[in-house]
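Here is a walk through one protein chain, from overall layout to individual side chains. Keep the structure open as you read.

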Amino acid sequence: MLAFLFYCFLAYLLYNIIFKFVIPVYRATKQVKKGFKDMQDRMQQQTGQPNTFSNTTTKSSTSTVKTGDYIDFEEVKE
């Protein structure tokens, strides 16, 4: 009888751990990953870049120097 109560208590604890901790953590993690992926897709759509990581090298090699007003920085000592 005591063993049966012990196993029922263990089953109850296992049930609570799974449904009140493991599943919510899994769902939250999945939602955060989806949010980051959506944000990354929106940023890439705004910049017009395709969804690859190989463009970082081509972007740096094709960058142009912008000309315009340039203010030289001078450090002022007091």
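The paragraphs below start with the fold and end with side-chain pairs.

This is a predicted model, in which local features need pLDDT of at least 70, side-chain atom pairs count only at pLDDT 80 or more, and totals for chains, interfaces and linings use all residues. Residues are numbered from 1 along each chain as its sequence is written, and side-chain values use heavy atoms, with hydrogens and water left out.

Begin with the whole chain. It has two helices and zero strands. Both terms refer to DSSP runs, numbered from the N terminus: helices are H or I runs of at least four residues, and strands are E runs of at least two. Of the 78 residues in the chain, 4% are buried. Buried means under 20% relative accessible area, exposed means over 50%, and partly exposed lies in between (1.4 Å probe, protein chains only). The chain exposes about 8,200 Å², and carbon and sulfur atoms supply 64% of that area. The areas come from the Shrake-Rupley method with a 1.4 Å probe; for residues, only the protein chains shown count as cover.

Now follow helix α1. It covers residues 2-47, which is 46 residues. How far apart should its ends be? At 1.5 Å a residue, the helix should span 68 Å, and its end C-alpha atoms are 66 Å apart, which agrees. The expected span is 1.5 Å times one less than the number of residues. α1 bends by about 30 degrees at Ile 18. That bend is the angle between axes fitted to the seven residues ending there and the seven starting there. After α1 comes Gly 48, with a positive phi near 80 degrees.

Leaving aside residues up to four places away in sequence, Pro 24 touches Ile 18 and Phe 19; contact means heavy atoms within 4.5 Å. Pro 24 counts as partly exposed, at 37% relative accessibility.

Phe 19 has another partner. The whole structure holds two aromatic pairs. In one of them, Tyr 15 and Phe 19 are tilted, 4.7 Å centre to centre with 45 degrees between the planes. Rings of Phe, Tyr and Trp (its six-membered ring) pair if their centres lie within 6.5 Å; planes under 30 degrees apart are stacked, over 60 edge-to-face, and the rest tilted. Tyr 15 and Phe 19 sit four residues apart in α1, about one turn of the helix. Tyr 15 is partly exposed at 48%, and Phe 19 is partly exposed at 46%.

Finally, look at charge. The structure holds one salt bridge, meaning a side-chain nitrogen of Lys or Arg within 4 Å of a carboxyl oxygen of Asp or Glu. Lys 37 and Asp 41 form it, with their closest N and O atoms 3.4 Å apart. Both lie in α1, four residues apart.
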